Amino acid sequence: MPGPERDRSAVLGFTEEIMLLLAGVDDAAALSVAGPAFDCAVAGSVLMDLAFAGRIDTDPETLFVVDPTPTANLVADRVLARIVRQGEAMDARGWIAALSGREAQVARETATLSLVRLGIASLPEGSLYGALGGMRAAVVDRRVQQDVAMRLERALFSDGIPEPRDAALIGLADACGILGSVFPDRDMEACRPRVELLRGLELIARETPGAISDIESGVRRVAEAP
């Protein structure tokens, strides 16, 4: 029977999981990603939630809604409504750029409060929450945090085929540059072929919407733009 940490981790979205991964790295590493790359990863994580929920997909030129039904994820539904209202068609890269400002900040703060509500994190006075614009909180249930990290560890450092969500989370964490900080004792350069393999698995492409690879690519391209 799954423990309470598994029950709670099962309800986390990509944004909450990215926040938990960031909370597990040291302060210097956290500060090093507290910029555009992380905002792009957060924007991408919201779109990933919508893609895995079957609400959006992509064609070669456009990210579009296939099901406007709300998901019960407040951040994802706010973005879904915005995509529905959008008059001008945009691709995944365009949406990541559009969402990487205010929407990314709202997503970070809402995800942090979600972790607090679930009893996974807390916001004690003097925490880094205020200093980093809601990016970090004090994790009080490290079992959930460790569960997320262990899923990625199994996906990265074994030869098995990972769950599609875990492979997508690896892509987001890699895009914002925190994989090396999550696994500081591992040789991430040696692991690079595995990261690239996970990103290109046909199984993942078949089991998730086409938007997934487009979103991940968009995160990288927007984050790396001058």
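In which strand is Asp57 found? The points below take up this residue and other features of the chain.

1. Basis of the model. This is a predicted model, in which local features need pLDDT of at least 70 and side-chain atom pairs count only at pLDDT 80 or more, while totals for chains, interfaces and linings use all residues. Residues are numbered from 1 along each chain as its sequence is written, and side-chain values use heavy atoms, with hydrogens and water left out.

2. Asp57. The residue is found in strand 1, which covers residues 56-58. Helices (H or I, at least four residues) and strands (E, at least two) are DSSP runs, numbered from the N terminus. At 21% relative accessibility, Asp57 counts as partly exposed; buried means under 20% relative accessible area, exposed means over 50%, and partly exposed lies in between (1.4 Å probe, protein chains only). Asp57 and Leu47 are 10 residues apart in sequence, and their C-alpha atoms are 9.7 Å apart in space.

3. Overall composition. The chain contains 14 helices and 4 strands. Of its 226 residues, 49% are buried. A contact means heavy atoms within 4.5 Å. Among contacts between residues at least 6 apart in sequence, 70% join residues at least 24 apart.

4. The nonpolar core. A nonpolar core is a set of buried Ala, Val, Leu, Ile, Met, Phe, Trp, Tyr and Cys residues joined through side-chain atoms within 4.5 Å. The largest such core has 61 residues, and Leu47, Ile56 and Leu156 are those with the most contacts inside it. Helix 4 (residues 36-52) gives the most to this core, namely 10 residues.

5. Helix 4 against helix 5. The axes of these two helices come within 9 Å and cross at roughly 85°. Axes are lines fitted to C-alpha atoms, for helices over the stretch in contact, and angles run from 0 to 180 degrees between N-to-C directions. Helix 4 and helix 5 are therefore roughly perpendicular to each other; angles under 35 degrees count as roughly parallel, over 145 as roughly antiparallel, 65 to 115 as roughly perpendicular and the rest as oblique. Val46, Leu47, Asp49 and Leu50 of helix 4 make the contact with Val75, Ala76, Val79, Leu80 and Ile83 of helix 5. The residues of this contact divide into 8 nonpolar, no polar and 1 charged. Here Ala, Val, Leu, Ile, Met, Phe, Trp, Tyr, Cys and Pro count as nonpolar, Asp, Glu, Lys and Arg as charged, and the others, Gly among them, as polar.

6. Ile83. This residue lies in helix 5 (residues 74-85) and, at 8% relative accessibility, counts as buried. Not counting residues up to four places away in sequence, Ile83 touches Leu47, Leu50, Ile56, Leu63, Val65 and Trp95. Pro68 is 15 residues from Ile83 along the chain, and their C-alpha atoms are separated by 9.3 Å.

7. Helix 9 against helix 10. The axes of helix 9 (residues 142-156) and helix 10 (residues 164-175) come within 10 Å and cross at roughly 95°. On the helix 9 side are Val148, Arg151, Leu152, Ala155 and Leu156, which meet Asp166, Leu169 and Ile170 in helix 10. This contact comprises 6 nonpolar, no polar and 2 charged residues.

8. Leu156 and the cysteines. With residues up to four places away in sequence not counted, Leu156 touches Ile170, Leu179, Phe183, Met188, Cys191, Arg194, Val195 and Leu198. Cys191 is buried, with a relative accessible area of 6%, and Cys40 is buried at 3%. A search of the whole structure finds 0 disulfides, a disulfide being a pair of cysteine sulfur atoms within 2.5 Å.

9. Helix 2. Is this helix enclosed or open? Because 10 of its 10 residues are buried, helix 2 is largely enclosed by the rest of the structure. Among the buried residues are Phe14, Met19 and Ala23.

10. Two exposed loop residues. Val11 has its place in the loop between helix 1 (4-9) and helix 2 (14-23), and counts as exposed at 56% relative accessibility. Val11 and Asn73 are 62 residues apart in sequence, yet 9.8 Å apart in space, C-alpha to C-alpha. Ala72 is in the loop between strand 2 (63-65) and helix 5; at 74% relative accessibility, Ala72 counts as exposed. The phi of Ala72 is near 80°, a positive value in a residue other than glycine.
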